[in-house]
Amino acid sequence: MYVCGPTVYDHPHIGHAKSYVSFDVIVRYLRYLGYKVRYVQNITDVGHLTDNADAGEDKILKRAQRDRLEPAELVEIYTRSYFEDMDALNNVRPDISPRATAHIPEQIELVEKLVSEGFAYASKGSVYFDVQKYKEYGKLSGRKQEELEAGARVEINPEKRNPSDFALWKKAEAGHIMRWRSPWGDGFPGWHLECSAMSMKYLGQTLDIHGGGLENIFPHHECEIAQSEAANKQAFVRYWIHNNMVTVNGQKMGKSLGNFVTLKDAFKKYHPTTIRFFILTTHYRSPLDFSNEALDAADKGLERLHNAVKLLRERLNNAKDGETPPHILEKLAHYKKVFLEAMDEDFNTSGAIAVLFDLSKDVNSLLSDGHEVGRKCLEDIDTFYRQLGGDVLGIIPKAFESRQKEESGALGNVMNVIIDTRTELRKAKQWQLSDFIRNKLLEIGFVLDDRPEGTTWKKTK
């Protein structure tokens with residue numbers, strides 16, 4: 001399975017979370033079913049131009065120049081930031097995370113093959129794919145060649161034979177920092193070329209699954225198909241999976257609209273597991289509307305679910321020996337069947353989560369009716385939570401820390417002193433120092449939640 005990874009020129013945002021949490025669950029579920037999955041997710045660290053076409057500045061180069069950093073320095077900062085946030089969301093690390101800049105030879109080799117086969121041509125130091133030579137171009141997006149020609153570009157590029165031809169290799173103009181030697185002169189790879197070269201290197205000429213955002217269907221994935229199938233004369237991907245976008249209060253999230261929310265900012269108010277849970281309550285192919293109200297509701301829902309699991313595990317610590325009653329085994333078998341049916345129906349995580357809530361209602365009833373519940377019964381229920389809620393969905397931790405013990409002990413006393421001090425600073429309108437304390441606590445794993453009735457804290461690490 002290959003999933004288009006981030007272009008590392010800024011901190012990850014909620015849109016990244018929706019995409020990579022969705023694909024993380026797909027990988028987890030396939031492995032739960034017994035499949036051996038090699039999960040490849042690239043790091044785009046060159047070649048992604050600002051207009052997603054064949055013109056404009058490279059996004060990484062543009063940001064590096066603005067921040068007065070070397071491009072490689074900028075990439076290291078934001079690659080680390082990306083993995084920090086993905087780890088916080090409990091995403092399983094990809095088996096391979098190839099970088100585009102580390103696979104320049106493979107990309108040049110692919111371009112040379114396309115040129116020799118007559119599917120690409122060099123023009124003034126750049127190399128373009130000739131879409132007229134690949135008759136199936138447009139088959140993923142459903143766009144016809146005449147439509148592509150009519151709306152290909154506002155300005156015609158004289159270097160191209162056809163307006164809809166796309167760049168495989170771009171000439172590096174004087175002063176362009178990110179550049180590599182090639183048979184066509186110094187240059188850098190096209191964004192589409194990178195994913196084909198890296199995916200085929202690690203997964204072969206035909207991939208089982210290729211994932212990415214809905215916005216990548218055209219031109220990115222369409223171009224991947226064209227160049228890969230033209231080079232190899234066989235199908236590039238068996239199954240395409242595309243996740244939908246994130247909106248904010250009903251409006252598409254974007255920097256230009258001022259509604260861009262980084263994960264690091266979101267984590268200041270919400271636990272990463274709350275954000276993961278919120279994402280999974282919506283199908284991956286549906287848009288996700290991000291708002292404080294929606295996240296507050298998700299936080300309360302997740303707390304109800306976790307409370308049932310905590311109660312179960314507390315009772316398990318002191319449980320006496322005893323087998324699982326047949327009617328409990330039947331219920332667990334039924335819930336597992338419904339859970340798997342939901343996941344088999346195009347990875348319907350919202351349906352799977354509903355099963356966990358139904359089970360939790362039964363758990364609360366079972367543990368509150370005054371009857372003795374045997375250890376084996378509690379262990380069987382906990383196994384259900386651990387495997388399906390934990391291993392598959394990643395929203396139920398293997399262990400809960402004792403919040404009550406922390407709050408009544410030395411740590412709780414220290415946190416109360418810090419919160420009281422910060423409250424006084426806020427009253428004095430010393431916002432900068434107040435934010436400094438909150439951010440420093442966040443770095444070491446403590447989240448402060450400022451509410452009208454007062455400030456509370458949670459331990460996240």
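Phe-347 lies in the loop between α11 and α12 (349–368). The model is a predicted one, and in it Phe-347 takes a positive phi of about 55 degrees although it is not a glycine. With a relative accessible area of 16%, Phe-347 is buried, because the cut-off for that class is under 20%.

Lys-124 sits in the loop between β3 and β4. Its relative accessible area is 62%, so Lys-124 is exposed, the limit for that class being over 50%.

The peptide bond between Phe-218 and Pro-219 is cis, with omega at about 10 degrees. Pro-219 belongs to helix α7, which covers residues 217–232.

**The chain overall**

The protein chain has 461 residues, of which 50% count as buried. Its secondary structure comes to 16 helices and 13 strands. Along the principal axes, the C-alpha atoms fill a box of roughly 80 × 60 × 35 Å. Among contacts in the protein chain with a separation of 6 or more, 73% are between residues 24 or more positions apart.

**Helices α2 and α3**

Helix α2 spans residues 59–67 and helix α3 spans residues 71–88. The two pack at an angle of about 100 degrees, and their axes are 9 Å apart. Angles of 65 to 115 degrees count as roughly perpendicular, and α2 and α3 are therefore roughly perpendicular to each other. On the α2 side the contact is made by Ile-60, Leu-61, Arg-63, Ala-64 and Asp-67. On the α3 side the residues are Pro-71, Leu-74, Val-75 and Tyr-78. By class, the residues of this contact divide into seven nonpolar, no polar and two charged.

**Aromatic pairs**

A pair of aromatic rings is described by the distance of the centres and the angle of the planes. The structure holds 14 aromatic pairs. Two of them are set out below.

| Pair | Centre to centre | Angle between planes | Arrangement |
|---|---|---|---|
| Tyr-20 and Tyr-82 | 5.6 Å | 85 degrees | edge-to-face |
| Phe-119 and Phe-129 | 6.2 Å | 10 degrees | stacked |

Tyr-20 lies in helix α1 (residues 14–32) and Tyr-82 in helix α3, so this pair ties together parts that are 62 residues apart in sequence. Tyr-20 is buried, at a relative accessible area of 5%. Tyr-82 also counts as buried, at 2% relative accessibility.

The rings of Phe-119 and Phe-129 are stacked because their planes are at 10 degrees, and stacking requires planes under 30 degrees apart. Phe-119 is in the loop between α4 (104–116) and β3 (120–123), whereas Phe-129 is in strand β4 (residues 126–129). The two residues are 10 residues apart. Phe-119 is buried, with a relative accessible area of 12%. For Phe-129 the relative accessibility is 0%, and this residue counts as buried.

Ring pairs also link Phe-119 and Phe-129 into a cluster with Tyr-134, Tyr-137, Phe-166 and Phe-218. Phe-218 of this cluster is joined to Pro-219 by the cis peptide bond described above.

**Arginines over tyrosine rings**

Arg-161 lies over the face of Tyr-121, at 4.1 Å from the ring centre. Arg-285 lies over the face of Tyr-284, and its distance from that ring centre is 6.0 Å.

**Lys-320**

Where does Lys-320 lie? Lys-320 is in the loop between α10 (292–317) and α11 (326–344). Is Lys-320 buried or exposed? Its relative accessible area is 57%, so Lys-320 is exposed.

Which residues does Lys-320 touch, not counting residues up to four places away in sequence? They are Glu-372, Gly-374 and Arg-375. Thr-282 and Lys-320 are 38 residues apart in sequence, and their C-alpha atoms are 40 Å apart in space.

Methods. Residues are numbered from 1 along each chain as its sequence is written. This is a predicted model: local features need pLDDT of at least 70, side-chain atom pairs count only at pLDDT 80 or more; totals for chains, interfaces and linings use all residues. Side-chain values use heavy atoms; hydrogens and water are left out. Axes are lines fitted to C-alpha atoms, for helices over the stretch in contact, and angles run from 0 to 180 degrees between N-to-C directions. Helices (H or I, at least four residues) and strands (E, at least two) are DSSP runs, numbered from the N terminus. Angles under 35 degrees count as roughly parallel, over 145 as roughly antiparallel, 65 to 115 as roughly perpendicular and the rest as oblique. Contact means heavy atoms within 4.5 Å. Ala, Val, Leu, Ile, Met, Phe, Trp, Tyr, Cys and Pro count as nonpolar, Asp, Glu, Lys and Arg as charged, and the others, Gly among them, as polar. Buried means under 20% relative accessible area, exposed over 50%, partly exposed in between (1.4 Å probe, protein chains only). Rings of Phe, Tyr and Trp (its six-membered ring) pair if their centres lie within 6.5 Å; planes under 30 degrees apart count as stacked, over 60 as edge-to-face and the rest as tilted. A charge sits over a ring if NZ of Lys or CZ of Arg is within 6 Å of the ring centre and within 35 degrees of the ring normal.
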